[in-house]
Amino acid sequence: MNNSMKRLSSWLWPALVAVAWPVAGHAQAGDIDPDALTLLRKSTDYLVATKQFSLVTDTTIEAVLPDGQKLQFGHRVAATVQRPNKMRAERVGELIAQTFYYDGKTLSLNLPQQGYYAKADVPPTLDGMLDVARDKLNVIAPGADLLYTNAYERLTEGLTSAFVVGKAVVAGATCDHIAFRNAEVDWQIWIQEGAQPVPRKFVVTSKRMPGSPQFASVMSDWQMAPTITDATFSFVPPKGAQRIDFMPVAPATSK
Amino acid sequence: MNKILKPVAHGACLAALLFVADAQAIIGVAPGGSVARRHAIVATETVVASSSANASAAATANANAAAANANAQAAAAKPPEPAPAAAPAGPPPVGTVVTTLPPGCAQTDLNGVAYQRCGSTYYKPSMMGSNLVFVVAQP
């Protein structure tokens, strides 16, 4: 080994150790580690039992263009949830501003910049609303898995692997980092240590799609006693705003 | 603008992109953005990550992506269409979906619908998922 290679290898050592360490601790990563499930369950149970909360999510989602080029798009969403059937989500960004209101009966989507809003009747539970929004309106709440009352069952459906990667820090919060696999996606979650085991990060890798695009959500500013007023979940159309319709969902495979 | 209106025959393709799970992120940059301009024509081939870790939901997203790829391949296998020499002349057919209106439109209320009238073409504003789109209509 010549000198430069020696230098390179000594430089690489810490990095290799850092990468190999957690994996070496889980030589049988193909199995399902009950500790991973216990940590996940603690978080999902905590969230389901929390009657109201607010948080801010910074999401990124990747798209793969036909030539393989990968693009990433990001949004910040401020969300407030009141179980069993209220929700508000405000998407903000340079090019988009929209607010979703769910008052237990109606899902309203307001586009203040364009002066339009749309409304649709939806089921009287958060779970039912999320399903109808996705299936009938094609309105997808990113990371909605975590909001369902059966979040644990949804997330663990068809698991082929689960293991605890180790401790990690997300935006200053110490978390347990857990990795999962099922037939369709690999996913990871970072759960805050301590008395409030809320998710702080959620990553989904669509490993069967060309280019394996990823969705990532970093969750911050969790408030377990958020300020809620009558206006939080009730939508009153602004003066002059035009009501428009949600287009019916066509089969995704139509040409 | 022309590039967006050009894929008249491909309106359904753009719609397919919009219907790919979580594609709102892409369309979020469409108005005035260069991505839609450059890629609207081949939008069916673009795949977008699933935001759900649920195996069934992710499978649906994957199926959509696979279908998009299959469509793209089928389109590639077809003989090339004749050059659209006269294409730019006519108005876009009813049902064409665009994310950005051509310049010079004015709101025209007909039968309780706030159409955007652009020249002789009427566009009906609609929500496609969580994205504002304009659909060529015959009021």
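Accessible areas here come from the Shrake-Rupley method with a 1.4 Å probe, and for residues only the protein chains shown count as cover. On that basis, chain B exposes about 6100 Å², with carbon and sulfur atoms supplying 59% of it.

Some housekeeping: this is a predicted model, in which local features need pLDDT of at least 70 and side-chain atom pairs count only at pLDDT 80 or more, while totals for chains, interfaces and linings use all residues. Residues are numbered from 1 along each chain as its sequence is written, chains are lettered from A and ligands numbered from 1 in the order in which they are written, and side-chain values use heavy atoms, leaving out hydrogens and water.

**Chain B**

Let's stay with chain B, which has 5 helices and 6 strands. Both are DSSP runs, numbered from the N terminus: helices are H or I with at least four residues, strands E with at least two. Along the sequence the pattern reads α-α-α-α-β-α-β-β-β-β-β. Of the 139 residues in chain B, 55% are buried (under 20% relative accessible area; exposed is over 50% and partly exposed in between, with a 1.4 Å probe and protein chains only). Taking contacts (heavy atoms within 4.5 Å) between residues at least 6 apart in sequence, 57% in chain B join residues at least 24 apart.

**The disulfide**

Over all chains the structure holds 1 disulfide, a term that requires a pair of cysteine sulfur atoms within 2.5 Å. The partners are B:Cys105 and B:Cys118, with their sulfur atoms 2.0 Å apart. B:Cys105 sits in strand S3 (residues 105–110) of chain B and B:Cys118 in strand S4 (residues 113–118) of chain B, so the bond ties together parts 13 residues apart in sequence. The torsion about the S-S bond is about 110°, which means that this disulfide is right-handed.

| Residue | Relative accessible area | Class |
|---|---|---|
| B:Cys105 | 24% | partly exposed |
| B:Cys118 | 8% | buried |
| A:Cys175 | 0% | buried |

**Inside chain A**

A:Cys175 also belongs to a core, but the largest one comes first. A nonpolar core is a set of buried Ala, Val, Leu, Ile, Met, Phe, Trp, Tyr and Cys residues joined through side-chain atoms within 4.5 Å. The largest has 64 residues, and A:Met129, A:Phe180, A:Trp187, A:Ile189 and A:Phe202 have the most contacts inside it. A second, separate core of 7 residues includes A:Cys175, along with A:Val170, A:Ala173 and A:Val203.

Finally, A:Ser108 lies in strand S5 (residues 106–111) of chain A. A:Ser108 counts as buried because its relative accessibility is 4%. Beyond its neighbours within four places in sequence, A:Ser108 touches A:Thr99, A:Phe100, A:Tyr101, A:Ala118, A:Lys119 and A:Phe235.
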